[in-house]
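Please have the sequence and the model open while reading.

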Amino acid sequence: MGLKRRKLSTKKTKKKLKPRNSLSNLPDEILHHILSFLKLRDIARLRVLSKKFQTLSATAPSFCFSERRPSFWFSKPRFRHRRNCSCAHVFNFMNTLPQHRSHSLKIKRISFKSFCDKGEHSSLHDHWINNLFQTFHVEQLSLNYQLPSIFTSLPKFQSLKLLKLEMNRVIMVKLPEMKLTSLETLHIMFFATEDPVGEWVSQSFPALKSLFLSEINVSWLSKKLLDLEIRSSCLEALSIQKCCSLKPVRIITENLRTLSYVTCPCVRCHHNDDIVDFRYDDSVFEISAPNLRRLSWQGYAPRLCYDARTFQSLQVASFTKLSLQNLNLTIQLFEATRRATSLHTDTGMIKVSS
């Protein structure tokens, strides 16, 4: 009997080990890195788990808001607004963010991929972004949806180092007068304007190091072409893709290292409800970049104008999908880059235009 009592007593004294939450035991740096891959609505839901996650959700280094559902029309993706979207829930969380986050704590990146069709939600997006830049120090901003009013708010974003603007369809934009001395990287895609883009970039962003322009054209109601003249002493990487209305192109920079130029793949484009035949032998590409190292060219060869120092330091030259519409201009392009130490040519894609 005594032995049985002793065994029972030993069973009673054993303590049950509580299951540990391995996620909560991770350091805050690792949890913040995990949160950087989550969408903003998921981060907003984490604060109801515990006090620690409530603090982590408010001190996340980056916020990504994505509320979209792709549908297809004429084989091109379009995005529509969801009936049960989480916009209101997210905005409630962001309105309380200044109360739970120190104003001295920087926000590394803000990414918006919202394609809401509701007008009140678009106004909330604009209002929320302006409040964030007035309260916190934001370094990177990426917008991938229809928000033309963001161009009027750009002068307020003095802390930006990286800016990406991609509209879901081509819109008419009035470029504002401003100066962002801290901006180093600029990506702009899908908008139309009648203002000089090159002059606006050169004057507004004096410390710009990387520039990416894609499908920037004039209004469909206008038949004029815009001059793209970029004069910058800090620019190191430049990429111009499918900007048919930007002619001629003038690039004058001392520190340019990488240049990528992609012409429009179609020779005949619809402009102002008319079919316009673009003659690439009439377009002029002027460049003065003595420190150019890499050149990537795709499409038709324009009339190339350059000084004696431009291609002296060229190391790599790549040509793809060349169309020999004007053989003399193509030969001129190869002649200018003959001193490159490495030359890559996609000979299988070279075609002769009729």
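## Basis of the model

The model is predicted: local features need pLDDT of at least 70, side-chain atom pairs count only at pLDDT 80 or more, and totals for chains, interfaces and linings use all residues. Residues are numbered from 1 along each chain as its sequence is written, and side-chain values use heavy atoms, with hydrogens and water left out.

## The chain as a whole

The chain has ten helices and 19 strands; these are DSSP runs, numbered from the N terminus (helices: H or I, at least four residues; strands: E, at least two). Of the 354 residues in the chain, 45% are buried. Buried means under 20% relative accessible area, exposed means over 50%, and partly exposed lies in between (1.4 Å probe, protein chains only).

Among contacts (heavy atoms within 4.5 Å) between residues at least 6 apart in sequence, 55% join residues at least 24 apart.

## Aromatic pairs

There are seven aromatic pairs in the structure. Trp200 and Phe205 form an edge-to-face pair, because their ring centres are 5.3 Å apart and their planes are at 85°. Rings of Phe, Tyr and Trp (its six-membered ring) pair if their centres lie within 6.5 Å; planes under 30 degrees apart count as stacked, over 60 as edge-to-face and the rest as tilted. Trp200 is buried at 8% relative accessibility, and Phe205 is buried at 1%.

Phe319 and Phe334 make a tilted pair, 4.9 Å centre to centre with 45° between the planes. This pair links distant parts of the chain, 15 residues apart: Phe319 is in strand E18 (residues 316-320) and Phe334 in helix H10 (residues 327-336). Phe319 is buried, with a relative accessible area of 1%, whereas Phe334 is partly exposed, at 25%. One aromatic cluster is formed by Tyr261, Phe285 and Trp297.

## A charge over a ring

The charged end of Arg101 sits over the ring of Phe136, 5.7 Å from the ring centre. The criterion is NZ of Lys or CZ of Arg within 6 Å of the ring centre and within 35 degrees of the ring normal.

## Ser62

Ser62 lies in strand E1 (residues 62-67) and is buried, at 7% relative accessibility. Leaving aside neighbours within four places in sequence, Ser62 is in contact with Ser36, Ile43 and Arg109.
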